[in-house]
Amino acid sequence: MRCCITAVFILRSCVPTAHRQIRLTGGTTLCSGRLEIVYGNQRGTLCRHYWGLQEANVVCEQLQCGAAVTAEAGAHVGNGSEIIWKSHYECRGNETQLWDCPVGSWDQITCTHEDDVSVTCSSEDGLLRLSNGGSRCDGRVEIYTNGTWGRVLDDGWDLSDANVVCRQLDCGSAIAAYNSSTYGEGGGTVRLNNVQCEGNETRLSTCNVSRPVTPLSVGSDVGVLCSGEVQTTTTTCIDIIPSHAVASGMG
């Protein structure tokens with residue numbers, strides 16, 4: 001007598017919470033695409049089960065991308081090729097990071113990469129990055145507007161402004177606010193000048209600007225040195241379905 005047994009092996013990955021990232025790939029903008037979660041050195045996708053706009057809203061908030069427009073299932077922007085995370089998130093929608101949402105695990109394993117979730121967020125304008133520094137938490141400040149990365153000039157730049165940048169990038173607090181193109185001069189269009197933050201804003205783009213940018217705006221680029229990524233001492237575990245996890249046996 002011959003029979004076949006199909007089994008799916010579930011692995012568990014446990015990493016410090018500081019070693020997690022999310023990103024959207026394969027989309028037409030920086031704020032749309034297939035959701036990928038990185039735990040330590042392992043990259044994977046999420047299955048469509050339990051996925052909705054509340055979870056997508058948290059992803060968009062965490063990525064500085066506004067609100068969620070769609071929370072699609074079915075690999076609308078192409079299939080992933082890595083592992084599939086078996087755990088799912090059950091968000092209320094008001095969390096600031098996906099890690100703040102309760103984590104569950106679905107019992108019946110029916111997902112393939114055809115079920116990868118994707119997200120489209122409302123806006124990518126106002127995204128920040130730090131360039132030419134030693135880590136993602138120090139460098140020249142650049143802001144994304146109208147499809148391109150642009151410059152922030154140093155008139156009036158101080159620690160209050162730098163603190164907002166560090167907060168927006170989840171990089172702790174500002175240690176130093178640099179002017180005079182300390183990290184080199186950027187090559188993009190000037191987007192902001194004479195920024196006047198109070199220091200408690202969550203996004204640089206919401207700070208007051210006392211002097212509007214014109215085609216004649218000139219000056220040096222600003223930079224910041226932040227204290228570093230917000231660290232936690234906890235460890236989080238998530239279940240995995242490896243890409244080639246189905247095995248057959250005969251008896």
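The largest cavity of this predicted model has a volume of about 30 Å³, where a cavity is a set of points, on a 1 Å grid over the protein atoms alone, at which a 1.4 Å probe fits but cannot get out, and where a volume is the space filled by probe spheres set on the points, joined across faces, edges and corners. A search of the whole structure finds one cavity of 30 Å³ or more. Its lining, made up of residues that have an atom within 4 Å of a point, consists of Leu46, Cys47, His49, Tyr50, Trp51, Ser87, His88 and Tyr89. Strand S8 contributes the largest share of this lining, three residues, strands (E, at least two residues) and helices (H or I, at least four) being DSSP runs numbered from the N terminus. By class, five of the lining residues are nonpolar, three are polar and none is charged, with Ala, Val, Leu, Ile, Met, Phe, Trp, Tyr, Cys and Pro counted as nonpolar, Asp, Glu, Lys and Arg as charged, and the others, Gly among them, as polar.

Residues are numbered from 1 along each chain as its sequence is written. Local features of the predicted model need pLDDT of at least 70, side-chain atom pairs count only at pLDDT 80 or more, totals for chains, interfaces and linings use all residues, and side-chain values use heavy atoms, with hydrogens and water left out.

Cys47, one of the residues that line the cavity, also forms a disulfide (a pair of cysteine sulfur atoms within 2.5 Å) with Cys111, the sulfur atoms being 1.5 Å apart. Because Cys47 lies in the loop between strand S5 (42-46) and H1, and Cys111 in the loop between strand S9 (103-105) and strand S10 (117-121), the pair ties together parts that are 64 residues apart in sequence. The torsion about the S-S bond is about -50 degrees, so this disulfide is left-handed. Cys47 is buried (under 20% relative accessible area, with a 1.4 Å probe and protein chains only), at 5%, and Cys111 is buried at 9%.

In total, seven disulfides are counted. Among them is the link of Cys31 and Cys65, with sulfur atoms 1.9 Å apart, which is left-handed, with -65 degrees about the S-S bond. Both Cys31 and Cys65 are buried. Another disulfide joins Cys91 and Cys101, with sulfur atoms 2.1 Å apart; with 105 degrees about the S-S bond, the link of Cys91 and Cys101 is right-handed.

Conventions
Buried < 20%, exposed > 50% of the residue type's maximum accessible area, 1.4 Å probe, protein only. 1 Å grid on protein atoms, 1.4 Å probe; cavity = no way out; pocket = protein on both sides within 12 Å on 5 of 7 lines; lining within 4 Å.
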